[in-house]
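Subject: Structure handover

Hello,

Here is the structure we talked about. Please open it and keep it beside this email while you read.

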Amino acid sequence: MTSAEHVAAGFGVAPATPVWRRTPVWRPKLMGTSGVRLRAKLGDGSDPFLQSALSAASLRFRETLRPEPLFVDPYAGCFVSTDNEVDTKKQTHHYCLATKYIDDKLLHIINRIDGLKQVVLLTDGMDTRPYRLNWPSSTLIFDISPDELYKIAAEKLEGVGAKISRSCLFYHIPLASSNLQHVLHTKGFNGSRPSIWVIQGLLLMNLASFEDILFVVSSMAMNGSLFLGELPGWLADTGIGRNFDSGKWMDKLFMTNGFRVDIINYDEVARNLGKQLTSEEYRKILFVAEQLRFSDAQMETWRREFQRVEEEGDEDGFEEL
């Protein structure tokens with residue numbers, strides 16, 4: 001059994017079948033042809049990325065103030081007005097339920113990984129998970145988000161004393177990086193080790209933007225790694241337009257990139273937590289996907305090993321002649 005197979009077995013999956021793939025190229029399509037360009041300041045209502053991030057932070061802040069919160073985000077308040085009234089409604093917002101689910105799933109899985117742990121967070125720039133979650137030691141955390149919004153948030157977080165655990169390493173990577181895979185590798189990401197990828201809050205503008213993200217994750221995540229989070233509901237609508245129902249379309253989209261995906265029912269999660277969801281419409285898809293393929297790094301290791309065996313075989317055959 002190869003080292004990759006040992007890792008896969010320890011991660012609870014069968015070894016993947018090697019599949020050659022084209023070289024991945026990151027093509028940011030989130031905000032025009034020039035990539036993401038955020039110019040907004042906090043309080044500026046003109047930028048959709050900013051407003052989406054502020055809305056999510058406000059929900060986390062209100063949840064934190066509830067008598068029995070699903071989670072506590074001690075830093076969300078630095079992004080929003082702190083004169084908000086405490087949310088006394090019995091119902092739980094879908095976003096907060098999803099945040100709780102993702103938090104729990106993320107920590108449960110990462111604590112099962114031996115040695116270096118790799119987490120990639122695709123965020124809106126105001127994600128406080130790197131600061132508020134109890135990460136195990138030797139965790140390498142990458143935040144991929146709009147750069148200017150992240151810088152605004154980082155200044156606010158520093159002002160309230162938010163810090164990353166000393167036993168962990170944290171790197172921010174601008175979403176508009178011309179070669180996202182290369183940047184991740186230079187920061188220490190290892191495609192031959194398990195990783196967990198989370199997407200929540202990142203504002204997707206079209207289907208192509210998510211397909212690019214999914215391709216990058218597929219290329220870099222070793223078999224057995226997980227990709228989870230929330231996606232906008234209109235993604236499934238694009239599939240319906242192609243004569244697929246939403247479930248079959250999601251299966252096809254993810255399987256094309258080597259993932260087996262499960263769509264998580266918000267109502268079921270709420271029942272398991274003893275919560276009641278709000279009746280307001282929430283157009284998101286909560287999902288967990290498992291990588292079934294080898295990453296590009298694993299494939300390169302396999303190729304080199306295969307080449308070495310072939311060369312040694314040729315040498316042995318020559319000596320026998």
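Phe-254 and Phe-259 are both buried. The model is predicted, so please keep that in mind. The two rings form an edge-to-face aromatic pair. Their centres are 6.3 Å apart, with 85 degrees between the planes. The whole structure has 12 aromatic pairs. Phe-254 and Phe-259 also belong to one aromatic cluster, together with Phe-210, Phe-227 and Phe-287.

Next, the helices. Helix α7 covers residues 207-220, and helix α9 covers residues 246-256. They pack at an angle of about 45 degrees, with their axes 10 Å apart. On the α7 side, Leu-207, Phe-210, Glu-211 and Leu-214 make the contact. On the α9 side, Trp-249, Leu-253 and Phe-254 do. By class, this contact has 6 nonpolar residues, 1 charged and no polar.

Now the cores. Nonpolar side chains tend to be buried together in soluble globular proteins. Here, the largest nonpolar core has 51 residues. Phe-79, Leu-106, Met-126, Trp-135, Ile-196 and Leu-286 have the most contacts inside it. Elements giving two or more residues to this core include α2, α3, β5 and β9. Which element gives the largest share? It is α3, with 10 residues.

Beyond its neighbours within four places in sequence, Leu-106 is in contact with residues including Val-119, Leu-133, Trp-135 and Ile-196. A second, separate core has 35 residues, among them Ile-144, Leu-175, Leu-214 and Leu-235.

Best wishes

Conventions. Residues numbered from 1 in each chain as written. Predicted model: local features only at pLDDT ≥ 70, side-chain atom pairs only at ≥ 80, totals over all residues. Heavy atoms only, no water. Axes fitted to C-alpha atoms, helices over the stretch in contact; angles between N-to-C directions. Helix = DSSP H or I, 4+ residues; strand = E, 2+ residues; numbered from the N terminus. Contact = heavy atoms within 4.5 Å. Nonpolar A, V, L, I, M, F, W, Y, C, P; charged D, E, K, R; others polar. Core = buried A, V, L, I, M, F, W, Y, C linked by side-chain atoms within 4.5 Å. Buried < 20%, exposed > 50% of the residue type's maximum accessible area, 1.4 Å probe, protein only. Phe/Tyr/Trp six-rings, centres within 6.5 Å; stacked < 30°, edge-to-face > 60°.
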